[in-house]
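Please keep the model open as you read.

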Amino acid sequence: MSKPQIYDVLKREHEEVGELFHRLEEAKGLIAHQLFVRLKLKLVPHARAEEAIVYPRLLKADATVEQVLESLEEHKQVDNLIAELDALSPRDERWAPKMKVLADMVGHHVDEEEGELFPRARQILSDREAVELADAYARERDAFIDDMQRADHRGAAE
């Protein structure tokens, strides 16, 4: 069986995030908080690994540079909303509207990435390079996940 290309890995993660957002629509209280923690553990490492591994390669090509620069700005906005949600309780009246905006922003980002950036990237990257990017991306993402989990454990111990 052939190894997954970067597009396959990112699309699977987009689907996982979409499912978490769907579950968060109805969630309240502690369940909403737990789902949000899982969402962060998917979104943040995903974005950091894209920024560290995928985007630098695509910034080298004229066909993808503008889209990647826009994606980087979208990541910053998502980071800001995550930080705002982190500072709130799911019981706060601002929680649900902020979560809706976050879901909309991420949905827009995913649509553009899968509908516009991926097709352009396929014209630039060889199949071999797309597999290599997937491997490097997974290592980077997993390192970020480990870092986040260690930070959570340190915070819980304090």
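**Notes on the cavities**

1. Start with the second largest cavity. Its lining is made up of Ile6, Tyr7, Leu10, Glu50, Val54, Tyr55, Leu58, Glu113, Leu117, Phe118, Ala121 and Leu125. Keep in mind that this is a predicted model.

2. Which helices supply at least two residues each to the lining of the second largest cavity? They are H1, H2 and H4. The second largest cavity holds about 60 Å³ of space.

3. In the second largest cavity, 10 lining residues are nonpolar and 2 are charged. None is polar. Glu counts as charged, so Glu50 and Glu113 are the charged pair here.

4. Now step back. How many cavities of 30 Å³ or more does a search of the whole structure find? The search finds 2. The largest cavity contains about 140 Å³ of space.

5. Find the centre of the largest cavity. Of its 14 lining residues, those nearest the centre are Leu43, His46, His75, Val106 and His109.

6. Next, trace the helices around the largest cavity. Helix H1 (6-26), helix H2 (29-58), helix H3 (62-86) and helix H4 (95-124) each give at least two residues to its lining. H2 provides the largest share, with 5 residues.

7. Finish with the residue types. The lining of the largest cavity has 8 nonpolar, 4 polar and 2 charged residues. His counts as polar, so His46, His75 and His109 are among the polar residues of this lining.

Note on methods. Residues are numbered from 1 along each chain as its sequence is written. This is a predicted model: local features need pLDDT of at least 70, side-chain atom pairs count only at pLDDT 80 or more; totals for chains, interfaces and linings use all residues. Side-chain values use heavy atoms; hydrogens and water are left out. On a 1 Å grid over the protein atoms alone, a cavity is a set of points where a 1.4 Å probe fits but cannot get out, and a pocket is an open set with protein on both sides within 12 Å along at least five of seven lines; lining residues have an atom within 4 Å of a point. Grid points are joined across faces, edges and corners, and a volume is the space filled by probe spheres set on the points. Helices (H or I, at least four residues) and strands (E, at least two) are DSSP runs, numbered from the N terminus.
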